[in-house]
Amino acid sequence: MYKVKVNDQFLFEIENKDSAFLVNGEQVQLDLSSIANNSTHVIYQNKSFNTELVELNQTDKTCKIKVNGNIYQISIEDQFDVLLKQLGLDNLAANKVSEIKAPMPGLVLKVLVEENAEVKKGDNLLVLEAMKMENILKSSTDGTVKKVLIKQGDKVEKNQNLIQFR
């Protein structure tokens, strides 16, 4: 069973039982034929649809599909996502990081962000020299920089707060 949300508005429950599709509990007859790598021709209720997978994000379980020239944003939850949500474990990875701390003592060589800057997960925040090695500290989540507590040339101790986020 899958829960499929289209354009953050329409929610469908889809099941594949005995080579038949059930959408919200009702059987749906589709005639599918693959045209190209990401394109499929679909006949549904005697109407023809050309579909194309435009973008796929397997991590977030989202995709963009073009149907007869119109683009739709799709998000999918499987039975495991539903179970995690029921157990309250669905947003563990979404916990916001409120601060970046120094992983080791060192010297701040360069600060790459400033206050009120929007950062994405993986963006470089600062360069810290420790044990004659340059270490680039990266953002572990998306967010906005609230305050930069250090500047270039500062010596920092292990676990010292370096950057705060909103």
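1. Contact here means heavy atoms within 4.5 Å. On that basis Asp154 touches Gly106, Leu107 and Val108, leaving aside residues up to four places away in sequence. The model is a predicted one, and the remarks below should be read accordingly.

2. Asp154 sits in the loop between strand 15 (143-148) and strand 16 (155-156). Is Asp154 buried or exposed? Its relative accessible area is 19%; the cut-off for buried is under 20%, so Asp154 counts as buried. A polar atom of the Asp154 side chain lies 2.9 Å from the backbone nitrogen of Lys151.

3. Strand 11 covers residues 106-111, and the contacts of Asp154 include Gly106, Leu107 and Val108. Strand 11 is joined to strand 13 by four bridges, and the two run antiparallel.

4. Strand 13 (residues 124-130) and strand 14 (residues 133-138) run antiparallel and are joined by six bridges. These two strands form a hairpin with two residues between them. In the turn, Met131 has a positive phi of about 50 degrees.

5. Which strands make up the open sheet, and in what order? The sheet has four strands in the order 14-13-11-16, with antiparallel pairing. Strand 14 and strand 16 are at the edges; each has a single partner strand, so one side of each has no neighbour in the sheet.

6. The largest pocket is a separate topic. Its volume is about 1200 Å³, and 25 residues line it. Ile14, Leu30, Ile65, Val67 and Ile74 are the lining residues that lie nearest the centre of the pocket. The elements that contribute two or more residues to this lining are strand 1 (2-6), strand 2 (10-17), strand 3 (20-23), strand 6 (39-44), strand 7 (47-57), strand 8 (62-67) and strand 9 (70-77).

7. Which element gives the largest share of the lining of the largest pocket? Strand 7 does, with four residues. By residue class, the lining of the largest pocket divides into 21 nonpolar, three polar and one charged.

Methods: Residues numbered from 1 in each chain as written. Predicted model: local features only at pLDDT ≥ 70, side-chain atom pairs only at ≥ 80, totals over all residues. Heavy atoms only, no water. Pairing = 2+ DSSP bridges. 1 Å grid on protein atoms, 1.4 Å probe; cavity = no way out; pocket = protein on both sides within 12 Å on 5 of 7 lines; lining within 4 Å. Points joined across faces, edges and corners; volume = space filled by probe spheres on them. Nonpolar A, V, L, I, M, F, W, Y, C, P; charged D, E, K, R; others polar. Buried < 20%, exposed > 50% of the residue type's maximum accessible area, 1.4 Å probe, protein only. Polar contact = N/O pair within 3.5 Å; in protein donor to acceptor, adjacent residues only side chain to side chain.
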